[in-house]
Amino acid sequence: MAGHGAMKNYSLSVAQQDVPSSWMPEARPRLANTAARRIVSVSSQSGTVSAGQPLLFQLPANMGAGFFVSGSGYLRMTVSVTQAVAQSWAFKQNGSGSSVLQRASAILSGQNVESINMYNKLYNSLLTHATNLQYLTSDAQVHDQVFPGAFNTGDVTICVPIGLGCLNAQQHLPLFLLSSALLQFDTEAISQALTAGSADAISNYQISQASICFEQLCPEPAYEQGIKAMLASRVYQMKLDTWQNSRYAQQASITQTIGLNSSSVRGILWGT
């Protein structure tokens, strides 16, 4: 024989309206999301390289590759410096590890979609003029070795954010729509990449154990197949902002035609 008693009421010491709305559960129904997110590390195909040699990275492509999540990519590498006697050296551009990168390029489906010359100069200008002191003295100093002083060891491992526009756009890069995705970083000459902290000259540097790390968003196969089928009669468009860099001889006055409509220019950075 079963029985039941009256339902009990419990008093709350805090009214519901006193609880911050950000702590409350979402009132709208939740939709099933079958997309998976994962952190991917892609090793360089180039092995160990010296000054003037390229670093090549073949990213996942074609069906199943999903998206390269915008703003998530960075380059991890170990820089080994050869110096005559005592080790004392630093990266040249504000001490940033990007000093060893002269050019960054994205070659997607066989087309050179984006190429930034003097990449290290641009990165230095962005650190100086387009970031904040908290980032410079925390994340950038820990990962990128910004403003570190001189190193007294031959090997330093750094993590440098990748500043290519196609990897930092308002949309994620659809790797599954590409037949191939190649990133290339051309290394800089010693004189532009490093500076000696002693009378002992730097004779060489090498980059090893290079890899690109990024977040990959992988939707279900039906989504990728649907987008691919839709593009049989449409064009996939992706807006991105990139940089055009130029170098000029030092003089009192410089006049230069850049070949861009003024409405296409978002800003101009100047560095010496």
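Residues are numbered from 1 along each chain as its sequence is written, and side-chain values use heavy atoms, with hydrogens and water left out. In this predicted model, local features need pLDDT of at least 70 and side-chain atom pairs count only at pLDDT 80 or more, whereas totals for chains, interfaces and linings use all residues.

User: How many salt bridges does the count come to?
Analyst: A salt bridge is taken here as a side-chain nitrogen of Lys or Arg within 4 Å of a carboxyl oxygen of Asp or Glu. Arg 37 forms one with Glu 215, and Asp 186 forms one with Arg 103. By this rule, the count comes to 2 salt bridges.

User: How many residues apart in sequence are the parts that Arg 37 and Glu 215 tie together?
Analyst: The closest N and O atoms of Arg 37 and Glu 215 are 2.9 Å apart. Helices (H or I, at least four residues) and strands (E, at least two) are DSSP runs, numbered from the N terminus. Because Arg 37 lies in strand 1 (residues 36–43) and Glu 215 in strand 13 (residues 202–218), the pair ties together parts whose separation in sequence is 178 residues.

User: Is Asp 186 buried or exposed?
Analyst: Asp 186, in strand 11 (residues 181–187), is linked to Arg 103, in strand 7 (residues 101–108), with the closest N and O atoms 2.8 Å apart. Buried means under 20% relative accessible area, exposed over 50%, and partly exposed in between (1.4 Å probe, protein chains only). Arg 103, at 27% relative accessibility, counts as partly exposed, whereas Asp 186, with a relative accessible area of 12%, is buried.

User: Which residues touch the most other members of the largest nonpolar core?
Analyst: A nonpolar core is a set of buried Ala, Val, Leu, Ile, Met, Phe, Trp, Tyr and Cys residues joined through side-chain atoms within 4.5 Å. The largest such core has 46 residues, and its largest share, 6 residues, comes from strand 13. The residues that touch the most other members are Met 77, Leu 164, Leu 183, Phe 185 and Ile 207.
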